[in-house]
Amino acid sequence: MTTDTDLLLALWHEVGHGADLAATVKAISARLATALPHARLELIRCDAAARRFETAADTASLAGRHWQVTPTAFKALSGEMKRSPVLHLTDESARPEALAALSAPVGKALLVGLLHDGGPLLGLAVLTPRPGGFEAGHRRQFATLLEPLTAVLARDVRLHELDQQRAIAEEERQLLLTRLGRDAVADTIVGADRGLHTVMQRVAQVARSDSSVLLLGETGSGKEVVARAIHERSRRAGGPFVRVNCGALAPELVDSELFGHEKGSFTGAIGQRRGWFERADGGTLFLDEVGELPLSAQVRLLRVLQDGGLQRVGGEQTLQVDVRIVAATHRDLPAMVAQGAFREDLWYRLAVFPIRIPPLRERRDDIPELAHHFARRACLKLGLPPRLPDARELARLADYPWPGNVRELATVIERAALLGSGDRLDCAAALGMAAPALPSTAAAVGSSAGEFPTLDEAMAAHIRAALARTQGRVEGRRGAARLLAINPHTLRARMRKLGVVPAQHRPADD
């Protein structure tokens, strides 16, 4: 004869070994058959917030049916379950409101309420009788099943919640990728096997170490992409990757941004702030446009690189940070060292392992693959049908000099997708919109210098042309920064570096 203890042990065995909910419920039903003759065992999952019930598993294969109940019926059923977890559903045992919470008449069934730590209703277990119904002793026996049945349902509810959270996370990931115009979180580096082959070999050589890396290349050539590749292939890949555009930092705030500050250390310091070094602790700090740092900040940067210690502005405590530095610049740092604009000792610290990134005009074989990559990304971002450039469009792209490098190519392709109105990529029109400004300014500089202008000279002339058109305004809706599609702080830093004075382009009575 099977005792209640034997039955309970057998049920816990099924609970512990059953991975699949449907199989576990069928196994429990089979174990119960001798003690509690029944026609069907149903396990019902409850969403208390939505007052929604769903059959999680059923020996009659009814899983998946769901229904919602009124607030009155749900309150009545929850109250009934807390007063008496096991109900023998006869006409006198429960109020009609409580029975109304069930999706269909269940006859004189046994109903057990599965509560979460005695609190909210987790779900229900319904044992439907065979002809003849249940006896009074069956209710007592069913009460011993509360714990194993609750464990089964609690495990299922947790798995169900994880599935929902996973689906929400995947939906958010897809929305983010769409917004960024990407196919995957970590896009592959286009050209790694061709134009960037030597660069990627260098990346592979240095990534596993903690040595400082200096990336040298023109603006828009892909320095940040290479910096991220170094981080992702390093032992720090699980740590943060923090990018700081040194050219966009106001000189008076450089120390605070990089090293942090204490409350009250200067006017406006209303609280303590962790700098970028602290935020990158355990990971990689990418110092983009490092040549723009003022000499005072270069001294403190050198100190951090030497001993890993820093002090916040206004602080006395030395903080230790474990940060790998990857720096980048488009400037000629050795020339700046010779001119006294960049510290020689900092140059040696940063240039432990220099990597030169070739401009796009030196890797024209990569243009077709890059164009296809950016076309797919642009169409995804803009919600347009997939369109790729044809052979004629690729030939046009290959003939263009690309002064803005890969970044300019991405912009042109996105513009071509917009101009093509979803039917095609109009690269000719996109290049036509981009072409006039740079050649005209470059030609103006070239005619005065008697030779082809340097990149800085062309950039200075282009900024002056924008300031002339905006009457010397830098910020605002009609400012040069908006016209040039650049952050005003970045533009001011560039103007300081290039010696461009906006006041010279303002009207005389301004």
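Modeller: Two strands pair if DSSP finds at least two bridges between them. Strands (E, at least two residues) and helices (H or I, at least four residues) are DSSP runs, numbered from the N terminus. The model here is predicted; local features need pLDDT of at least 70, side-chain atom pairs count only at pLDDT 80 or more, and totals for chains, interfaces and linings use all residues. Residues are numbered from 1 along each chain as its sequence is written, and side-chain values use heavy atoms, without hydrogens or water.

Colleague: What makes β5 and β6 a pair?

Modeller: DSSP gives 6 bridges between β5 and β6. The rule asks for at least two, so they pair. The two strands run antiparallel.

Colleague: Which strands make up the open sheet, and in what order?

Modeller: Its 6 strands follow the order β3-β2-β1-β6-β5-β4, and the pairing is antiparallel.

Colleague: Why are β3 and β4 called edge strands?

Modeller: Both β3 (66-68) and β4 (86-88) pair on one side only. Across this sheet, neighbouring strands are turned by 20° against each other on average, with direction ignored.

Colleague: What makes you say that β6 is mostly covered?

Modeller: The test is relative accessible area: buried is under 20%, exposed is over 50%, and partly exposed lies in between (1.4 Å probe, protein chains only). In β6, 9 of the 9 residues are buried.

Colleague: Which helices touch the sheet?

Modeller: Helix α3 (residues 71-83) lies across β1, β2 (52-58), β4, β5 (110-115) and β6. Helix α5 (residues 136-143) packs on the sheet too, touching β4, β5 and β6. Contact means heavy atoms within 4.5 Å.

Colleague: How do the directions of α3 and α5 compare with that of β5?

Modeller: α3 runs at about 90° to β5. The direction of α5 makes about 20° with that of β5. Axes are lines fitted to C-alpha atoms, for helices over the stretch in contact, and angles run from 0 to 180 degrees between N-to-C directions.

Colleague: What joins β8 to β9, and which way do they run?

Modeller: 5 bridges join β8 to β9 (residues 284-288). The pair requirement is at least two, so β8 and β9 count as paired. These two strands run parallel. Within this pair, Val242 has Leu285 of β9 as its bridge partner.

Colleague: Which residues are in contact with Lys497, beyond its neighbours in sequence?

Modeller: Leaving aside neighbours within four places, Lys497 is in contact with Glu292, His330, Arg331 and Asp456.
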